[in-house]
Amino acid sequence: MAEGMNMCVFSGHLTADARSKDVQGTEVARYTVAVNGRKEGETTFVQCSHWNPKGVLPYLQKGKLVAVAGSIRLASWEKDGEKRSAVELSVKNLTLLSSGKQEESRGDDVPF
């Protein structure tokens, strides 16, 4: 039986500054990337979790253009006794495409 592949790539602008927290001793950055669709007003908001971001957090600011690659997963949790879930991208690769200002893209790869 062939194995499936779970790999997605998105590029877009960060909707807000990334925020991080410690989850069982590991830093996790969370941020949202707004990805424009083919039609005006057709925007998809991709929720991202980035485990062990290793120093990239200061660069993940609102408005920055980024490319993210990783796998889609279903996150589940309970809030106020109600079960909730959301699809999110577990980021494996991140590329900073601009500073978020109107300037030429630098295409800085961020190792992690």
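Predicted model: local features only at pLDDT ≥ 70, side-chain atom pairs only at ≥ 80, totals over all residues.
**Whole chain**

Start with the cartoon view. The protein has seven strands and zero helices, and its order along the sequence reads β-β-β-β-β-β-β. Colour by burial next: of the 112 residues, 31% are buried. Contacts can be sorted by separation in sequence. Among those between residues at least 6 apart, 50% join residues at least 24 apart.

**Strand 1 and Cys8**

Select residues 8-14, which form strand 1, and find Cys8 in this strand. Which residues does Cys8 contact, leaving aside neighbours within four places in sequence? They are Val68, Ala69, Gly70, Ile72 and Leu89.

**The largest nonpolar core**

Select Tyr31, Val33, Cys48, Leu60, Val66, Val68 and Leu94 and show their side chains. These are the residues with the most contacts inside the largest nonpolar core, which has 16 residues. Four strands each supply at least two residues of this core: strand 3 (26-36), strand 4 (43-51), strand 5 (65-79) and strand 6 (82-96). As background, nonpolar side chains tend to be buried together in soluble globular proteins.

Stay with Leu60 and show its surroundings. Not counting residues up to four places away in sequence, Leu60 touches Leu14, Ala16, Asp17, Ala18, Tyr31, Val66, Leu94 and Leu96. Tyr31, Val66 and Leu94, among these contacts of Leu60, are also on the list of core residues with the most contacts. Val68, likewise on that list, is one of the residues that Cys8 contacts.

**The largest pocket**

Finally, select Arg30, Ala75, Trp77, Ala86 and Glu88. Of the 13 residues lining the largest pocket, these are the closest to its centre. The space in this pocket is about 290 Å³. Which elements give two or more residues to the lining? Strand 3, strand 4, strand 5 and strand 6 do, and strand 5 provides the largest share, four residues. Colour the lining by residue class to finish: six residues are nonpolar, three polar and four charged.

Notes:
Residues numbered from 1 in each chain as written. Heavy atoms only, no water. Contact = heavy atoms within 4.5 Å. Core = buried A, V, L, I, M, F, W, Y, C linked by side-chain atoms within 4.5 Å. Buried < 20%, exposed > 50% of the residue type's maximum accessible area, 1.4 Å probe, protein only. 1 Å grid on protein atoms, 1.4 Å probe; cavity = no way out; pocket = protein on both sides within 12 Å on 5 of 7 lines; lining within 4 Å. Points joined across faces, edges and corners; volume = space filled by probe spheres on them. Nonpolar A, V, L, I, M, F, W, Y, C, P; charged D, E, K, R; others polar.
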